[in-house]
Amino acid sequence: IIDGEWTDNDIPDPLSDLINLLSEKRDRTLTQHWGLWLIKRDPERGLQLLMPKDSGKRRERPDEDLALLQAIMESSPEAGAQYLEYLVLQRKSSSPQLHDMLAASCINQLSAALALESVSKLWRAKAASYASNPTDSSFLSYFASTTPDSPHKRARLKTILFLSGSNLYDPVIVRPLLLDHHKILTLELAIVDGKLGHHRSALSTLVHDLHDSTSAELYCALGGKLVLPKTAQLLSNNNPGLEGWASTLFGGVKSKTRSPEKIVVDEGQRTELVRILLDVYMSNGGDSSQRAANLINSQAKNLDILDIIPTIPPDWSLNLMSSFLARSFRRTLHLQHETKIIKTISAGQNLEVKDHAWLILREEGAIIEEPLEPDEDGGGSSFSPESFDEKAGLGEKIALHLSGVPPVTQEEFHLEKVGWGGEDQVTADPI
């Protein structure tokens with residue numbers, strides 16, 4: 001009846017009846033079989049059958065999902081691209097292969113858009129306009145706010161969000177796909193270079209090719225990232241169709257009651273990125289000198305004055321670095337005074353410990369040494385002075401206690417002074 005070979009007045013909409021029947025059956029195998037059959041006739045209704053709206057969790061089946069995706073693409077490449085987005089964004093698949101495929105699909109859409117002369121000219125003009133008019137906003141914000149809404153613009157914003165937000169695709173595979181249009185897709189190329197850890201290449205692209213110092217400094221502050229969750233939320237609010245991309249790739253950005261998670265960046269990595277960016281600024285010269293000075297003054301915390309001074313060109317005015325020098329000297333003086341305070345506090349704590357330990361040592365006793373006895377000739381004895389360790393009996397008492405023998409009391413262990421009027425001799429009677 002759907003193919004038109006038969007007609008039945010009792011079934012005015014056989015396609016809807018088929019979809020409803022399969023939805024009620026909830027048979028995965030049956031649904032996939034007739035869903036593929038339906039995609040060849042009506043891709044939109046077929047995807048509606050294969051992509052249920054329920055968001056319930058299910059066990060991931062990457063092999064089955066990939067096989068079904070390949071079958072859909074053979075029937076309709078456009079439907080296959082939509083089903084791929086469904087698996088990654090709605091089903092939140094963690095399959096690296098699916099993420100690689102979606103990244104390639106997004107870039108292929110950009111390549112198809114740039115094949116149109118009107119789109120290519122528009123995007124080149126946007127890049128040239130941004131470079132010729134310095135501004136504090138990033139190129140991403142400038143492009144999103146000044147470019148007229150169109151499917152091509154949304155495709156590029158989706159690509160930027162995915163390349164920045166996904167950590168499952170392989171950047172080694174994705175990067176060569178961007179090289180054919182590297183003069184236009186400079187921001188996308190910088191994002192992928194950051195994923196690869198090629199920080200110098202990414203920062204050089206942002207500074208020299210895109211002329212986006214704002215994004216370059218944001219790159220250093222975020223440890224190699226270029227898109228904040230807040231930025232993704234703003235893009236999704238102002239551009240229809242990006243809500244799912246922002247919420248999935250930058251989790252929880254749609255929540256109004258919970259603030260986005262704070263990005264934690266290692267201080268050592270941040271310092272390294274700032275040094276690389278400073279080298280990139282220095283290598284360019286010209287207008288980059290003022291940017292380098294601004295970076296030095298704003299990043300005094302992450303830059304060591306002993307490392308920076310040798311790199312400064314001799315023709316720089318001292319006023320360009322006045323803020324950096326003042327903050328560096330202030331921080332050095334602060335650390336010096338703080339160290340003195342800590343040292344003094346530590347000395348006081350040491351005295352307190354010594355005073356407490358002296359009382360304990362006094363209660364435990366000490367070693368008593370007797371004076372030497374004069375020999376017959378009136379000289380000193382050639383033997384070492386006799387001594388008595390009053391702690392020696394402590395080990396014996398502990399051993400007896402552990403063996404079950406009652407411990408020796410203080411009365412049983414006493415020292416007897418022999419010859420009070422004559423020679424002094426210490427004897428120990430343990431019993």
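1. Let's start with arginine 156, which sits in helix H9, residues 151-165. Helices here are DSSP runs of H or I with at least four residues, strands are runs of E with at least two, and both are numbered from the N terminus. Arginine 156 is buried, with a relative accessible area of 1%. Buried means under 20% relative accessible area, exposed means over 50%, and partly exposed is in between (1.4 Å probe, protein chains only). Setting aside neighbours within four places in sequence, arginine 156 is in contact with Leu110, Trp123, Phe139, Phe143, Ile184, Leu185 and Glu188. Contact means heavy atoms within 4.5 Å.

2. A word on what you're looking at. This is a predicted model, where local features need pLDDT of at least 70 and side-chain atom pairs count only at pLDDT 80 or more, while totals for chains, interfaces and linings use all residues. Residues are numbered from 1 along each chain as its sequence is written, and side-chain values use heavy atoms, with hydrogens and water left out.

3. How confident is the predictor? The pLDDT, its confidence in each residue from 0 to 100, has a mean of 80 for the protein, and 76% of the residues reach 70 or more. Two stretches need care. Over residues 253-259 pLDDT stays under 50, and the model has seven contacts beyond four places in sequence for them. Residues 410-431 also stay under 50, with 27 such contacts beyond four places in sequence. Where pLDDT is low, the predicted coordinates should not be read in detail.

4. Now the overall make-up. The protein has 20 helices and four strands, and 32% of its 431 residues count as buried. Among contacts with a separation of 6 or more, 56% are between residues 24 or more positions apart.

5. Axes are lines fitted to C-alpha atoms, for helices over the stretch in contact, and angles run from 0 to 180 degrees between N-to-C directions. For angles, under 35 degrees counts as roughly parallel, over 145 as roughly antiparallel, 65 to 115 as roughly perpendicular and the rest as oblique. On the H10 side Pro171, Val172, Val174, Arg175 and Leu178 take part, and they meet Glu188, Leu189, Val192, Asp193, Lys195 and Leu196 in H11.

6. H11 itself is mostly covered, with nine of its 11 residues buried. Those are Thr186, Leu187, Glu188, Leu189, Ala190, Ile191, Val192, Asp193 and Gly194. Their cover includes helix H6 (96-114), helix H8 (139-146), H9, H10, helix H12 (199-209) and helix H13 (213-221). After H11 comes glycine 197, whose phi is positive, near 85 degrees.

7. The H9-H10 loop holds aspartate 170, which counts as partly exposed at 30% relative accessibility. Aspartate 170 and proline 96 are 74 residues apart in sequence, yet 7.6 Å apart in space, C-alpha to C-alpha.

8. Another helix pair to check is H4 and H6, which pack at an angle of about 25 degrees with their axes 11 Å apart. That makes H4 roughly parallel to H6. Leu66, Leu69, Gln70 and Met73 of H4 make the contact with Gln97, Leu98 and Met101 of H6.

9. Which residues does glutamate 60 touch, not counting residues up to four places away in sequence? They are Lys92, Ser93, Ser94 and Ser95. Glutamate 60 is in the loop between helix H3 (43-50) and helix H4 (62-75), and at 37% relative accessibility it counts as partly exposed. Serine 95 lies in the loop between helix H5 (77-90) and H6 and is buried, with a relative accessible area of 11%. C-alpha to C-alpha, glutamate 60 and serine 95 are 9.0 Å apart.

Terms used: pLDDT is the predictor's confidence in each residue, from 0 to 100.
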